[in-house]
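Thanks for coming. I have one structure to go through today, so please look at the screen.

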Amino acid sequence: MPKSKTTKAKPVSATVTATAHTSAAGKTTTASKERNKSRRLLDTHDSTESSSDDEKSEDKQPASAPQIPGNVIRKLLAFSLLLLVLPILAYFGSLKYIFVGSPASSAIVAVIVANFVLGAYVYAAWIEDASEHAVHTSTRKLKRR
């Protein structure tokens, strides 16, 4: 006489919640067949999803690591140092040699020098961007031909 087995199964979805039972003849009920089928589908879906996630993570770099060219960083550091040093030198130089004893006039000179350095940085960035745009435009024209 065949033994009847009762197995507890975790519900896979809200639609299939019955536990799996085998009848006395050894046949599986339709609810357990559906559950096993959906489990296999979920298992294959999870394994393909995790492998595609692994492939995506290898191709991409993390969002916290932006791709900034070295020349951009060097230019930023150079203009930052100029912005730190030139206005101070202009203030004390104009205070000692041009406007002797007039700190207000020397401060105005320092502000003008600081604005000149900032303007030079914006101009340098604009020129660099324009040259990159020209390169991209010329490569697009070559691809169209």
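Of the 145 residues in this protein chain, 10% count as buried. Buried is under 20% relative accessible area, exposed is over 50%, and partly exposed lies in between, using a 1.4 Å probe and protein chains only.

Before going on, some notes on the source. This is a predicted model, where local features need pLDDT of at least 70 and side-chain atom pairs count only at pLDDT 80 or more, while totals for chains, interfaces and linings use all residues. Residues are numbered from 1 along each chain as its sequence is written, and side-chain values use heavy atoms, leaving out hydrogens and water.

Now the layout. The protein chain has three helices and two strands, in the order β-β-α-α-α from the N terminus. Helices (H or I, at least four residues) and strands (E, at least two) are DSSP runs, numbered from the N terminus.

Next, the aromatic side chains. How many aromatic pairs does the structure hold? It holds three. Rings of Phe, Tyr and Trp (its six-membered ring) pair if their centres lie within 6.5 Å; planes under 30 degrees apart are stacked, over 60 edge-to-face, and the rest tilted.

One of the pairs is Phe-79 with Tyr-121, edge-to-face, at 5.3 Å centre to centre and 65° between the planes. Phe-79 sits in helix α2 (residues 70-98) and Tyr-121 in helix α3 (residues 103-144), 42 residues apart, so this pair links distant parts of the chain. Phe-79 counts as buried because its relative accessibility is 18%. Tyr-121, at 28%, is partly exposed.

Another pair is Tyr-123 with Trp-126, tilted, at 6.1 Å and 55°. Both lie in helix α3, three residues apart, about one turn of the helix. Trp-126 is exposed, with a relative accessible area of 56%.
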